[in-house]
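I opened this entry to keep track of what I looked up.

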Amino acid sequence: MPRVKGVIARTKGAPVELVTINIPDPGPGEALVRVQTCGVCHTDLHYREGGINDEFPFLLGHEAAGVVEAVGSGVSGLAPGDFVVLNWRAVCGQCRACRRGDPQYCFNTHNAAQKMTLEDGTVLSAALGIGAFAEKTLVAAGQCTKVDPAARPAAVGLLGCGVMAGLGAAINTGAVTRGRSVAVIGCGGVGVAAIAGSALAGASPIIAVDIDARKLAAATRLGATHTIDSSTVDPVERIREIAAQTYPGAQGADVVIEAVGRPETWKQAFYARDLAGVLVLVGVPTPEMKVPELPLLDVFGRGGALKSSWYGDCLPSRDFPMLVDLYRRGRLDLDAFVSEQIGIGDVEAAFEKMRNADAGSTRTAGEDPGQVLRSVVVL
């Protein structure tokens, strides 16, 4: 049974701790992975703050890449030495979505049956069934997606959550393609990934909306053709103006992706769509949030579709290798999402940078933005 260092959230809101954890040897259908890198995602902060559930202590981290060290019985197609990106959609193959040929909508995903523990035997809840702020982790074999071993782990590991969520929100959920206009509200890691996905698909114009100059600059580097500082102008009106410049008569963007997860910005996205346009919610709201005063006649009268995107509606076995190939060929700049590389003991500091970046409404392009896209733990 390996004993390794890992980062846990012991109680709600308390600073994270670097502790020793025990990892069982892989059982049937499981894999032991030596973690090389793991991105610091907002979801980890939500776990730390008790925003997911109260099953403390949590072993945090889920946006990871590493090398398989051992597999349990019954595992096929995966072997020690394989370079993998970890995912939290290990499809079951048995639910209604899987049986009808839509495994990207599987909600019955597999995790390791055995639990990792503290030295005293306290059971840990692994974030999204992964727990990768650790030197090693135990996962279901289906959570391991083999990709090109020549790829940079810090970059491709981000496909494990935020970057895939954004890319997939554009390409999979929003069905963005050439001849379509796109607006993305919220330009953190997920929003900028949606912009990169829209650029990859050939959309134009691609409009980035945020209140942080550094985030808007990052959006421009990844493919945005226009930017809107929504603290100074009405983003709905400006999106409509930009869309109409390219497509006369347009009353908004064909696809609007909301990557904040707040009622105010969702409502902006709703009205920033063209008639029969698509709204994609990829920002994660909290349970108490509601959209107030939205006339049902407006929902009917504008037509189109109101969608949510869960993990970018991705199928890891299909999407990860394809996106890594595009990265290796220089068509998808995953390196641009790595704001900094940090040590395993620096996760709490990365959370603070994340909070600073989220509060960056008065920050200018020349000032320290905190964590603009991703801090990545390198082990």
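**Salt bridges**

I started with a network: R34, E69 and K136 are linked by salt bridges. I am working from a predicted model. I then searched the whole structure and got 18 salt bridges.

I looked up E348 next. Its side chain meets that of R48 in a salt bridge, 2.8 Å from N to O. E348 sits in helix 11 (residues 347-358) and R48 in helix 1 (residues 42-48), so this pair ties together parts 300 residues apart in sequence. I checked how accessible the two partners are. E348 is partly exposed, at 22% relative accessible area. R48 is buried, at 5%. The cut-off for buried is under 20%.

I went on to K353. Its salt-bridge partner is E340, and the closest N and O atoms are 2.8 Å apart. K353 belongs to helix 11 and E340 to strand 17 (residues 338-342), so the pair ties together parts that are 13 residues apart in sequence. K353 counts as partly exposed because its relative accessibility is 30%. E340 also counts as partly exposed, at 21%.

I noted one pair with neighbouring numbers. R318 and D319 meet through their side chains in a salt bridge of 2.7 Å, N to O. R318 is partly exposed, with 40% relative accessible area. D319 is buried, with 4%.

**H62**

I asked where H62 is found. I located H62 in the loop between strand 4 (58-59) and strand 5 (63-71). Is H62 buried or exposed? H62 counts as buried, because its relative accessibility is 0%.

I looked for a polar partner. The side chains of H62 and D44 are joined by a polar contact of 3.1 Å. I then listed what H62 touches, leaving out residues up to four places away in sequence. Among them are C38, C41 and C161. The list also includes T43, D44, L86 and W88. I wrote down A127, L128, I130 and A132 as well.

**Helix 4**

I finished with helix 4. How many of the residues of helix 4 are buried? I found 10 of the 12 in residues 162-173, so the helix is largely enclosed by the rest of the structure. The buried residues include G162, V163, M164, A165 and G166. L167, G168, A169, A170 and T173 are buried too. I also checked what follows helix 4. A175 comes after the helix, and its phi is positive, near 50°.

Methods. Residues are numbered from 1 along each chain as its sequence is written. This is a predicted model: local features need pLDDT of at least 70, side-chain atom pairs count only at pLDDT 80 or more; totals for chains, interfaces and linings use all residues. Side-chain values use heavy atoms; hydrogens and water are left out. Helices (H or I, at least four residues) and strands (E, at least two) are DSSP runs, numbered from the N terminus. Buried means under 20% relative accessible area, exposed over 50%, partly exposed in between (1.4 Å probe, protein chains only). A polar contact is a pair of N or O atoms within 3.5 Å; within protein, one must be able to donate a hydrogen and the other to accept it, and residues adjacent in sequence count only if both atoms are side-chain atoms. Contact means heavy atoms within 4.5 Å. A salt bridge is a side-chain nitrogen of Lys or Arg within 4 Å of a carboxyl oxygen of Asp or Glu.
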